[in-house]
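Student: I have a model open and want to learn how to read it. Where do we start?
Tutor: With the ligand, then the domains.

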Amino acid sequence: MKKNVISRIIIGGLLFSGICVNAQKTTLEVDASKTVTKIQPTMFGLFFEDINFAADGGLYAEMIKNRSFEFDKPLMGWEQPNTKRSSMNQESGSASPMKLAANNTNFCRVEIYNDKGYTLINEGFRGMGVKKDAKYNLSLKAANHNGAIKKIIIQLIDKDQKVIGETSIVPKSDQWTNYSAQIIGTQTEAKAKLKLTFEGNGIIDLDMISLFPEDTWKGRKNGLRKDLVQLLDDVKPGFLRFPGGCIVEGRTLSDRYQWKKSVGNVEERKTMMNRWNVEFNHKQTPDYFQSFGLGFYEYFQLSEDIGAEPLPILSCGMACQYNTGELAPMDELDPYIQDALDLIEFANGAVTTNWGKIRSDMGHPKPFNLKYIGVGNEQWGPAYIERYKVFEQAIKAKYPNIIIVSGSGPSPKGEHFDYAMKELKKLNAELVDEHYYESPKWFRENAGRYDNYDRKGPKIFAGEYAAQSVSGANPNNRNNWECAFSEAAFMTGLERNAEVVQLTSYAPLMAHEEAWQWTPDMIWFNNLQSYGSANYYVQQLFSTNKGTDLLNITKDGKALIGQNDLYASAVKDVNSKEIIVKLVNTAATSQEVNIDLKGTKLGSKGTLIRLASASTQDENTFADPKKITPKQSEYKITKGKQDLNLPAYSVTVLKLKMN
Ligand code: AHR
């Protein structure tokens, strides 16, 4: 970074006889009378993947890890500190008469024989976040053999074992019965645990031991974490892509994401290993599983809640090519294709259809109005194109209006990318997903990436991107300011090319402070707090100021793609009647700019929103979550050109009211 700045100053010195280049004023011309293209409402969206504890342990507000004892090690997450005399068994197998459901065969058998010290403790997802005076809803299933156990005392305990909330239940039946109770937190604690103590002697079976905060997003029972959804909602995303990412593909085909297993009764959704659990040596998380409590119904509902077009991505019969690359043979693709067709029926079908009825029974008789479906995530090579063709044919035959997202592989350049683009073009693919995890410098240097893309070719979905401060998938990557403003510089290029780039999303979306596998991430959280990174605020600025009509903004007739370290894009918003100019200064010094706006009359006032920080290494953190956040001020419109000072390393959004 420093190196660049020095060389630029020297060049400036040569050209301008010793005058620092930054002293010059850059004039930018904007013609407000000519709409280049309409900006799609989907322009800036969100990419959700269950990586970094984003679903279980994150967005899905369940506080109990391994609530149904279905992890590969059935007692993972559960401690029995005083096991001297008591015993605890887990029974499994579809033959067991006590199993809850075909997909939920394990349960926990507790045997108490005059053992007053026996306790069963759940550790939560790296602890449980408990807030003083907040309510927590407990539920469990129990079968109390011969009425042996008289009472179960359920307590929240802090890190020093102190009780910080308590309730109890009296299990009455020897058949599986649901019990519920409420606990009120008496203290705020980030590392709470849930402790069960038993009164009486004998055997009791337990399953689906669950604890949710009452205060969830929209107050939904056993719903989503409110603070995290609020952060998503605040972006005003145009779409929500789910469930990934490589999680779609699985390491092998058998552990791909199968949406049908994620709908219906929560207790019947089969828990499985999360493919990110031991993917990276740098961050092993063997306790990472998918309960599918946040499943496809909940994703559709979330998309609807936050006003985003749902964008599901499905397996195309290819397991992750970074892992096994296992392929479903071409003549065995039918179940995969059927999954795609059935998903469209689940989302959009009438309540009289099979899958439409399941959606309706779950509480949403109205269709979700699904418009997009993705075929494969990050596949490459001829095997992908071959499979894509079959999917495309089948989907279009039944649902001609559904827009199909195809993929161009894991990289924005190179052999795989070139091959995919060439083939997808030949097939008239509608929307091609591109991924780039590159250096901040790459982002600055590629702001012109789409300037020469064929306007008649496939539209582009920049479906996963993020500047990597060290290198792709490196555990030392930071969400630093240099990464964020470099993405902003690049995003002016996305916006300027809205004719071809129609959907874009940063990736990954969120990460648990103590349980992440991949960094950088847009949102960081622990069990009590969450914050948006500087990259989050860049996304939010662009999304909430995307306007409706793209305008040209040029310097000497050319797009601004890094000349003097400046980047710019401009739009008009016909609803708010504003001209919105986005300007990014990636230089280490401030710069003067003036905007020569033609083709409209302006009012007297505007708004200036600025995101800036002094050091390229600055970041938002749990200790200082608002260090880099947008600051808004009034902007006085002048007659003629609009003058602006752009501080070093800054992203500026200037909103000018039209008369
Ligand atoms: O975002 C993390 C991973 O990066 C995604 O799962 C995958 O699609 C990409 O390689």
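Student: How far does a polar side-chain atom of Asn 377 lie from an oxygen atom of the ligand?
Tutor: Keep in mind that this is a predicted model. A pair of N or O atoms counts as a polar contact within 3.5 Å. For Asn 377, a polar side-chain atom lies 3.0 Å from a ligand oxygen. Tyr 437 also places a polar side-chain atom by a ligand oxygen, at 2.8 Å. Cys 246 uses its backbone instead: an N or O atom there lies 2.8 Å from an oxygen of the ligand.

Student: How much of the ligand's accessible area does the protein cover?
Tutor: On its own, the ligand has 280 Å² of accessible area, and the protein covers 96% of it.

Student: Which residues are around the ligand?
Tutor: Read the shell by residue, then by class. Among the residues around the ligand are Glu 49, Trp 276, Glu 378, His 435, Glu 464 and Trp 518. By class, the shell holds 5 nonpolar, 3 polar and 3 charged residues.

Student: How is the protein divided into domains?
Tutor: A domain can be built from separate stretches of sequence, as the bounds here show. Domain 1 takes 23-39 + 549-658, domain 2 takes 46-61 + 218-543, and domain 3 takes 78-213.

Student: How many residues of domain 2 are in contact with domain 3?
Tutor: On the domain 2 side, 18 residues touch 19 residues of domain 3. The C-alpha centres of these two domains lie 36 Å apart.

Student: What does UniProt place at residues 463-650?
Tutor: The unreviewed UniProt entry gives "domain: Alpha-L-arabinofuranosidase C-terminal". In the model, that span is 14% helix and 40% strand, with its end C-alpha atoms 25 Å apart.

Conventions:
Residues are numbered from 1 along each chain as its sequence is written. This is a predicted model: local features need pLDDT of at least 70, side-chain atom pairs count only at pLDDT 80 or more; totals for chains, interfaces and linings use all residues. Side-chain values use heavy atoms; hydrogens and water are left out. A residue is near a molecule or strand if one of its heavy atoms lies within 4 Å of it. A polar contact is a pair of N or O atoms within 3.5 Å; within protein, one must be able to donate a hydrogen and the other to accept it, and residues adjacent in sequence count only if both atoms are side-chain atoms. Accessible areas come from the Shrake-Rupley method with a 1.4 Å probe; for residues, only the protein chains shown count as cover. Ala, Val, Leu, Ile, Met, Phe, Trp, Tyr, Cys and Pro count as nonpolar, Asp, Glu, Lys and Arg as charged, and the others, Gly among them, as polar. UniProt positions are given in the numbering used here, feature names are shortened, and annotations may be inferred rather than shown by experiment. Helices (H or I, at least four residues) and strands (E, at least two) are DSSP runs, numbered from the N terminus. Domain bounds come from an automatic or database domain assignment. Contact means heavy atoms within 4.5 Å.
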